[in-house]
Amino acid sequence: MAPVAGFAAVLAFVACATAQNPEDYNPNPNPNAAAATSTASSTTAAAGSAGAAGAQTVTITATATITQASSAAPAVTAVSDCHAHGTVNWCMVGTEEYQVSGPTATEEFQAQYTDCHTHDTETYCVDDAGEDVKVLVGSTEENAHVGEDSEEPAGSEEHCHFHAGVEHCVGGSESKVSCDATPRDYNIPLRIGLLFVILATSAFGVFLPILTTRFNIISQTNIIFVILKQFGTGIVLSTAFIHLFTHADLMFGNDCLGELQYEGTTAAVFLAGLFLSFLADYLGARFVQWRQKKHASTDSEISGVSTNGSDKATSTGSTPTPENEFNRSHGLPHAHGVIHQATPMEEKINVMNLEAGIIFHSILIGITLVVAGDSFFITLFIVILFHQMFEGIALGTCIAELPKAAASTLQKCIMGGTFALITPIGMAIGIGVLNSFNGNDPSTIVAIGTLDALSAGILAWVGIVEMLARDWMHGRLLNAGFVRSAVAMFALVCGMVLMSVLGKWA
């Protein structure tokens, strides 16, 4: 027992010497810590007579003292660099940030507060008016501004719609992007039934101008036909820029595709479609001219053998060329100098170019409609219903304008029927892949974005050059009366506006 008692006495001596060390002096002593230290001293003193059990008591009490001292609130004498976040005032104490709960939303925030003091366990500082304001010392930088952005501003509701099976949302709070296929329950019988509604609507839009002009119900010079033609021109222009180009840009900007190394991808593909349309028109015009020159040289050789010079002169002066005959039948001004009037074959190439751009677009529309969720399907269906009817009118007026030398009635009906069938075909494809389609798959995104941008370029060329410029700069509307021009311009603007409005949903 003597060695143990000696060891306890040494421990007691060390504890007393530590308590009297000036370096341990605390200007703001913690009563709880002091009490704990006193307890430790008295307990240690008692340990001198208790032996080994006393040594264990010293260790436990010292640990409790350290814990209480570390949990004490930091000493705050003043807060400065005060700033507002919303309606909450935050101030700095060194590198820490604390909330000041005194001012309200209607009171003016101060830059600093001084003479900070404590009442029990709470800290207060004095403002310029001599009033106490409470400082939440426990709210440090780690939990600062929690809940500050929990409330969204008015009008920030989330609005979602579908682009090619991808749910695109605008507004609201940002959520984590998922690139997996979203499982949904689709109403397949409803989609199959509405497929035939789209077929009937598309057929009505495209065959209306074709059949009315074929049976002379409406002539091509009638004001109603002019209104339909210019309305269709506005539809094509708006489809190219508002629908196709915008949708292609959304596809290439999809988070699941990642960041593109070339930022002008959408515009580059659009330019490629525009150039391909120009190239098709140019090569078609060159081919037609080559064929006409070939036939003209053959006819000249035949007429030189069978007729004399006077007959040739008479024939040349009295017989109009096919180009002049086409211009006269369409009421177009005669070509002089470098102005070139399209031949019937060139007109057919232009219309086929227009239909190609519309077909690429329409098959994607069918897929987009079917893979949309049921929550948005009916709204999207109504929008696409009008979209197809308007687009059909635009294409139908161009087909109806083709002369008999370019396309027979049967050929016109085949061209119109192709348009009427293509969107239902796209819907049928969508129904077939409904349970496996993933609009967020990178390959799907690239395919849809490329086709949309190409179609946009094609329709932009046809709409601006072959429809807008030809009618207004080189066609009947160049010399039309004021009323006729005003009505045609109004129809053009209506087509652009209505199709642009539909672009909000489709």
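This is a predicted model: local features need pLDDT of at least 70, side-chain atom pairs count only at pLDDT 80 or more; totals for chains, interfaces and linings use all residues.
Local features require pLDDT of at least 70 and side-chain atom pairs pLDDT 80 or more, whereas totals for chains, interfaces and linings use all residues. Residues are numbered from 1 along each chain as its sequence is written, and side-chain values use heavy atoms, with hydrogens and water left out.

The structure holds 7 salt bridges, each defined as a side-chain nitrogen of Lys or Arg within 4 Å of a carboxyl oxygen of Asp or Glu. One of them joins D374 and R191 at 2.8 Å, N to O. Because D374 lies in helix α10 (residues 374–400) and R191 in helix α4 (residues 188–214), this pair ties together parts that are 183 residues apart in sequence; helices are DSSP runs of H or I of at least four residues, numbered from the N terminus. R191 is buried, with a relative accessible area of 0%, while D374 is partly exposed at 36% (buried, under 20%; exposed, over 50%; partly exposed, in between; 1.4 Å probe, protein chains only).

A further salt bridge, between K229 and D471, spans 3.0 Å, N to O. K229 belongs to helix α5 (residues 223–252) and D471 to helix α12 (residues 442–473), so parts 242 residues apart in sequence are tied together. K229 is buried at 5% relative accessibility, and D471 is buried at 12%. K229, D471, E401 and R476 are linked in a network of salt bridges.

The axes of helix α9 (residues 344–371) and helix α11 (residues 409–432) come within 6 Å and cross at roughly 25°; α9 and α11 are therefore roughly parallel (angles under 35 degrees). Axes are lines fitted to C-alpha atoms over the stretch in contact, with angles from 0 to 180 degrees between N-to-C directions.

Notes:
Helices (H or I, at least four residues) and strands (E, at least two) are DSSP runs, numbered from the N terminus. Angles under 35 degrees count as roughly parallel, over 145 as roughly antiparallel, 65 to 115 as roughly perpendicular and the rest as oblique.
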